[in-house]
Amino acid sequence: MRGLIFLTSILIVLVLVSGTNAGTSAPRVVVRSSSYGHILFDGRGFVLYAFTHDRRGHSTCRRACAKAWPPYLVKQKPRAGNGAKASLVGTVRRADGRLQAAYAGHPLYYYVGDRKPGQILCQGVSEFGGFWRIVRPSGTPIR
């Protein structure tokens with residue numbers, strides 16, 4: 001039963017993540033207010049995380065890691081929305097060749113448990129060899 005619930009949760013997030021660009025010309029990175037202050041979100045209002053194990057401009061989260069922390073996959077460079085700095089928005093190429101949104105060189109991810117816009121369940125969590133941190137508009141991950 002637990003396995004079925006976990007798999008269903010992953011499928012829901014994957015559908016949400018794959019629909020990130022639906023109906024828009026480009027994905028977005030925006031700044032919104034949260035209980036941590038102003039931080040980065042995607043254009044739908046889902047919080048974006050950075051992984052301290054990543055090297056600048058390179059994602060190290062794959063396989064089981066990417067199932068728990070789905071990368072913010074894009075087909076083109078995201079646009080900087082409300083409060084985000086256009087000069088900090090970019091992409092990195094993943095090992096499988098797909099593009100992942102990045103901010104200040106940090107590849108951006110979702111957390112599988114954040115199921116609704118604005119939800120932040122895993123700030124500062126240590127998992128898969130590093131810490132998962134939400135990101136300030138300056139590009140600095142919050143400790």
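Start with Tyr109. Its relative accessibility is 0%, so Tyr109 counts as buried. Bear in mind that this is a predicted model.

**Stop 1: Tyr109 and Trp132**

How do the rings of Tyr109 and Trp132 meet? Their centres lie 5.0 Å apart and their planes stand at 90°, so the pair is edge-to-face. Now colour by element. Tyr109 sits in the loop between β8 (106-107) and β9 (125-127), while Trp132 belongs to strand β10, so the pair ties together parts 23 residues apart in sequence.

**Stop 2**

How many aromatic pairs does a search of the whole structure find? The count is 6. Select Phe51 with Trp132 next: this aromatic pair is stacked, 4.0 Å centre to centre with 10° between the planes. Phe51 lies in strand β3 (residues 49-51) and Trp132 in strand β10 (residues 130-134), so this pair links distant parts of the chain, 81 residues apart. Phe51 counts as buried, at 4% relative accessibility.

**Stop 3: Cys61**

Select Cys61 and show what surrounds it. Leaving out residues up to four places away in sequence, Cys61 touches Phe51, Asp54, Ala66, Trp69, Arg94, Tyr109 and Trp132.

**Stop 4: the cores**

Nonpolar side chains tend to be buried together in soluble globular proteins. Here the largest nonpolar core has 19 residues. Select Ile39, Val47, Tyr49, Cys61, Trp69, Trp132 and Ile134: these have the most contacts inside it. Which elements give two or more residues to this core? They are β2, β3, α2 (64-68) and β10. Show α2 by itself: α2 gives the most to this core, with 3 residues.

Another core, of 17 residues, lies apart from the largest one. Among its residues are Leu48, Tyr72, Ala84 and Val89.

**Stop 5: an open sheet**

Switch to cartoon view. Find the open sheet of 3 strands, in the order β2-β1-β5, with mixed pairing. Its edge strands are β2 (37-42) and β5 (79-80), each pairing on one side only. Zoom in on strand β1 (residues 28-34) and β2. These run antiparallel and are joined by 6 bridges. End the tour at Ser34, which stands opposite Gly37 in β2.

Note on methods. Residues are numbered from 1 along each chain as its sequence is written. This is a predicted model: local features need pLDDT of at least 70, side-chain atom pairs count only at pLDDT 80 or more; totals for chains, interfaces and linings use all residues. Side-chain values use heavy atoms; hydrogens and water are left out. Rings of Phe, Tyr and Trp (its six-membered ring) pair if their centres lie within 6.5 Å; planes under 30 degrees apart count as stacked, over 60 as edge-to-face and the rest as tilted. Helices (H or I, at least four residues) and strands (E, at least two) are DSSP runs, numbered from the N terminus. Buried means under 20% relative accessible area, exposed over 50%, partly exposed in between (1.4 Å probe, protein chains only). Two strands pair if DSSP finds at least two bridges between them. A nonpolar core is a set of buried Ala, Val, Leu, Ile, Met, Phe, Trp, Tyr and Cys residues joined through side-chain atoms within 4.5 Å. Contact means heavy atoms within 4.5 Å.
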